[in-house]
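Thanks, everyone. Please bring the chain up on your screens, and we will walk through it together.

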Amino acid sequence: MRGTADKTRKKILKAASKLFYENGIRSVGVDLVAETAGVTKRTLYYHFKSKDVLIAAYLEARNEPVLAGLKSAIENANGSPADRVAALFDMLAAGSRAPTWRGCPFARMAAELPAERTHPARQIASDHKHAFEAWLTGWFRAQGVGRSQMLAQQIIVLVDGALTQMLIHDDPGYAKASGMAARSLIDAVGGN
């Protein structure tokens, strides 16, 4: 019985994830999620006590894959720290060209729920952003790059700015421009 419940939960979460990412969390109701998942609304509420809990589960499910992708873009690149961070922005530019790309799900959630400071998904989004910042700080330190924490914060701002501008303008050039700015910041602290 537990296996069936897990399958149903995963099916609901998969449907919600697709719908929330494609259309936004405010515009997607639980009726549509249940219909897309092929379950009743009652079944959906059995697995997720509210839409807010479902939104939080959606972001939680995206957390590790997104972090892994960001880290991988840097870890698998060659060259100096500046080259490797620039590769992150190249990856973001390439990803934005996919027809299914809709930007950062964490930033979009915060934009859709700006007044809901206690929403459970806000903490997940905050934790996600802090986790990447902490990882980047440690990575810069391991590379011998000075001012690691400040530099990590600056790179995070460039990443989120690039993602936002690419979403607004449908132009991957913003990631390229941010990558150039990141290179300048890293070079300024002697990390080339």
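Where is His47 found? His47 sits in helix α3, residues 41–47. Helices here are DSSP runs of H or I with at least four residues, strands are E runs of at least two, and both are numbered from the N terminus.

Before going on, the ground rules. This is a predicted model, in which local features need pLDDT of at least 70 and side-chain atom pairs count only at pLDDT 80 or more, while totals for chains, interfaces and linings use all residues. Residues are numbered from 1 along each chain as its sequence is written, and side-chain values use heavy atoms, with hydrogens and water left out.

Back to His47. Is it buried or exposed? His47 counts as buried, at 15% relative accessibility. Buried means under 20% relative accessible area, exposed means over 50%, and partly exposed is in between, with a 1.4 Å probe and protein chains only. Not counting residues up to four places away in sequence, His47 touches Ala5, Thr8, Arg9 and Ile12. Contact means heavy atoms within 4.5 Å.

Asp6 belongs to helix α1. Asp6 is partly exposed, at 31% relative accessible area. Take Asp6 and Val157: they are 151 residues apart in sequence, and C-alpha to C-alpha they are 37 Å apart in space.

Now the whole chain. The chain has nine helices and zero strands. The C-alpha trace spans about 60 × 35 × 30 Å along its principal axes. Of the 192 residues, 44% are buried. Among contacts with a separation of 6 or more, 64% join residues 24 or more positions apart.

Next, the core. In soluble globular proteins, nonpolar side chains tend to be buried together. A nonpolar core here is a set of buried Ala, Val, Leu, Ile, Met, Phe, Trp, Tyr and Cys residues joined through side-chain atoms within 4.5 Å. The largest one holds 58 residues, and Phe140 and Ile155 touch the most other members. Which helices each supply at least two residues of this core? They are α1 (2–23), α2 (30–37), α4 (51–75), α5, α6 (105–112), α7, α8 (148–169) and α9 (173–188). The largest share, 10 residues, comes from α4.

What does Phe140 contact, leaving aside neighbours within four places in sequence? Its partners are Val85, Val145, Ser148, Leu151, Ala152, Ile155 and Ile186.

On to helix packing. Two packed helices are described by the angle between their axes and the distance between the axes. Axes are lines fitted to C-alpha atoms, for helices over the stretch in contact, and angles run from 0 to 180 degrees between N-to-C directions. Under 35 degrees counts as roughly parallel, over 145 as roughly antiparallel, 65 to 115 as roughly perpendicular, and the rest as oblique.

First pair: α5 (residues 81–96) and α7 (residues 120–142). Their axes come within 12 Å and cross at roughly 155°. α5 and α7 are therefore roughly antiparallel. From α5, Pro81, Arg84, Val85 and Leu88 meet Phe132, Trp139 and Phe140 of α7. By class, that contact has six nonpolar, no polar and one charged residues. Ala, Val, Leu, Ile, Met, Phe, Trp, Tyr, Cys and Pro count as nonpolar, Asp, Glu, Lys and Arg as charged, and the others, Gly among them, as polar.

On the α5 side are Val85, Leu88, Phe89, Leu92, Ala93 and Ser96; on the α8 side, Ile155, Leu158, Val159, Leu163 and Met166. That contact has 10 nonpolar, one polar and no charged residues.

Residues of α8, including Leu151, Ile155 and Met166, meet residues of α9, including Tyr174, Leu185 and Ile186. The classes are 11 nonpolar, four polar and no charged.

Last, the loops. Most residues other than glycine have a negative phi. Arg147 has a positive phi of about 50° and is not a glycine. Arg147 lies in the loop between α7 and α8, and is exposed at 53% relative accessibility. Asp170 also has a positive phi, near 55°. Asp170 is in the loop between α8 and α9, and is exposed, with a relative accessible area of 63%.
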